[in-house]
Amino acid sequence: MSLLDQIDKSKLPQHIAIIMDGNGRWAKEKGKLRVFGHHSGVVSVKDIVEAAVEVGIPYITLYTFSTENWNRPWLEITALMELLVSTISKETKTLMDNNVRLNAIGDLDKLPGKCLKHLNKSIEMTAGNTKSTVTLALSYSSRWEITEAARKLATQVQQGLITPEDINEEMFSANLTTAGIPDPELMIRTSGEFRISNYLLWQLAYAEFYFTDKLWPDFRREDLFEAIIDYQKRERRFGMTSEQV
């Protein structure tokens with residue numbers, strides 16, 4: 001029986017978040033420049049998104065570029081931005097053909113103008129697609145996101161629109177960049193690292209974590225299926241006992 005056939009379609013995670021780690025190390029192992037690893041990582045992105053859509057995952061969020069990544073050498077950043085532009089331009093048709101909507105979260109105004117232009121164009125073109133939503137976390141920091149949400153709520157209190165007593169978890173979530181998207185139920189990180197690196201700190205509160213030693217350019221659809229199967233073997237209690245579940 002194939003891995004795909006082992007997946008219980010009635011128990012799929014509705015949202016999978018992925019930290020795509022290891023591009024640079026993968027390139028270094030092969031004696032190549034880091035940008036070579038990023039190009040190879042794009043192949044994994046396409047394969048994983050297609051596999052997720054095939055199995056029926058409604059939401060996929062990819063940690064594409066963090067605010068901390070702006071501290072990398074400028075040559076690498078420039079290459080990454082150019083790669084992002086070319087990939088978005090090339091893959092928009094594929095998203096349309098597969099009824100997939102593109103979304104982006106993060107401090108997007110920090111992106112180069114050309115990059116933001118192509119990103120917004122693809123987001124607009126795919127806005128009506130309904131089979132799955134792929135969100136790119138770009139120039140993203142969870143601490144930045146939480147701080148921005150707190151600032152928005154403080155402004156609403158200052159303007160007399162709400163009172164401090166009105167603020168609850170639902171209202172706070174509605175002011176995050178992921179408003180309208182269910183929290184991830186499964187978070188995957190590649191490359192053998194065991195941390196979440198300022199990624200979706202609020203949203204991952206009850207997610208199941210799956211870590212693999214594979215570097216991102218080597219992560220493929222079968223690896224995604226293994227992660228989903230592992231997720232389906234876990235008992236999600238949300239603070240309750242096994243008997244209650």
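A crossing of two helices is left-handed if the near helix is turned anticlockwise from the far one by less than a right angle, and right-handed if clockwise. Keep that to hand for the exercises below. The model is predicted.

**Exercise 1. Describe how helix 4 and helix 5 pack, and state the hand of their crossing.**

Step 1. Two packed helices are described by the angle between their axes and the distance between the axes. Helix 4 and helix 5 (residues 113-125) pack at about 15 degrees. Their axes are 9 Å apart.

Step 2. Classify the angle. Angles under 35 degrees count as roughly parallel. Helix 4 and helix 5 are therefore roughly parallel to each other.

Step 3. Helix 4 and helix 5 cross in the left-handed sense.

Step 4. List the partners. Helix 4 supplies Met81, Glu82, Leu84, Val85, Ile88, Ser89, Thr92, Leu95 and Met96. Helix 5 supplies Lys114, Cys115, His118, Leu119, Ser122 and Met125.

Step 5. Sort them by class. The contact of helix 4 with helix 5 holds nine nonpolar, four polar and two charged residues.

**Exercise 2. Work out how helix 3 is placed against helix 4.**

Step 1. Helix 3 covers residues 34-55. The axes of helix 3 and helix 4 come within 11 Å and cross at roughly 30 degrees.

Step 2. That angle makes helix 3 roughly parallel to helix 4. The crossing of this pair is right-handed.

Step 3. On the helix 3 side, the contact uses Arg34, Val35, His38, His39, Val42, Lys46 and Glu50. On the helix 4 side stand Glu76, Ala79, Leu80, Leu83, Thr87, Glu91 and Thr94.

Step 4. The class count for helix 3 with helix 4 is five nonpolar, four polar and five charged residues.

**Exercise 3. Is Glu76 buried or exposed, and which residues does Glu76 contact?**

Step 1. Glu76 belongs to helix 4.

Step 2. Apply the cut-off. Buried means under 20% relative accessible area. Glu76 has 10% relative accessibility, so Glu76 counts as buried.

Step 3. Find the contacts. Beyond its neighbours within four places in sequence, Glu76 is in contact with Arg34 and His38. Both of these partners lie in helix 3.

Step 4. Check the fold-back. Glu76 and Leu33 are 43 residues apart in sequence, yet their C-alpha atoms are 9.4 Å apart in space.

**Exercise 4. Describe how helix 3 meets helix 8.**

Step 1. Helix 8 covers residues 221-232. The axes of helix 3 and helix 8 come within 9 Å and cross at roughly 50 degrees.

Step 2. That makes helix 3 oblique to helix 8. The crossing is right-handed.

Step 3. Asp47, Ile48, Ala51, Ala52, Glu54 and Val55 of helix 3 meet Arg221, Leu224, Phe225 and Ile228 of helix 8.

Step 4. This contact divides into seven nonpolar, no polar and three charged residues.

**Exercise 5. Which residues have the most contacts inside the largest nonpolar core?**

Step 1. The largest nonpolar core has 45 residues. Ile18, Leu119, Ile188, Leu224 and Ile228 have the most contacts inside this core.

Step 2. Trace its sources. Helix 4 (residues 74-97) gives the largest share, seven residues.

Step 3. Another core of eleven residues lies apart from the largest one, and includes Ala17, Ile19, Ala137 and Met187.

Step 4. Follow one residue. Not counting residues up to four places away in sequence, Ile18 touches Ile48, Ile60, Thr61, Leu62, Tyr63, Ile188, Tyr199 and Trp216.

**Exercise 6. Where do Ser139 and Ser197 lie?**

Step 1. Start with the backbone. Ser139 has a phi near 50 degrees, a positive value in a residue other than glycine. Ser197 has a positive phi of about 50 degrees, and is not a glycine.

Step 2. Place each one. Ser139 lies in strand 4 (residues 132-140). Ser197 lies in the loop between strand 5 (186-189) and strand 6 (208-211).

Step 3. Ser139 is buried, at a relative accessible area of 0%. Ser197 is partly exposed, at 29%.

**Exercise 7. Which residues does Lys214 touch?**

Step 1. Lys214 lies in the loop between strand 6 and helix 8. At 36% relative accessibility, Lys214 is partly exposed.

Step 2. Leaving out residues up to four places away in sequence, Lys214 touches Thr190, Ser191 and Asp223.

Step 3. Lys214 and Arg189 are 25 residues apart along the chain, with 9.2 Å between their C-alpha atoms.

Technical notes: Residues are numbered from 1 along each chain as its sequence is written. This is a predicted model: local features need pLDDT of at least 70, side-chain atom pairs count only at pLDDT 80 or more; totals for chains, interfaces and linings use all residues. Side-chain values use heavy atoms; hydrogens and water are left out. A nonpolar core is a set of buried Ala, Val, Leu, Ile, Met, Phe, Trp, Tyr and Cys residues joined through side-chain atoms within 4.5 Å. Buried means under 20% relative accessible area, exposed over 50%, partly exposed in between (1.4 Å probe, protein chains only). Helices (H or I, at least four residues) and strands (E, at least two) are DSSP runs, numbered from the N terminus. Contact means heavy atoms within 4.5 Å. Axes are lines fitted to C-alpha atoms, for helices over the stretch in contact, and angles run from 0 to 180 degrees between N-to-C directions. Angles under 35 degrees count as roughly parallel, over 145 as roughly antiparallel, 65 to 115 as roughly perpendicular and the rest as oblique. Ala, Val, Leu, Ile, Met, Phe, Trp, Tyr, Cys and Pro count as nonpolar, Asp, Glu, Lys and Arg as charged, and the others, Gly among them, as polar.
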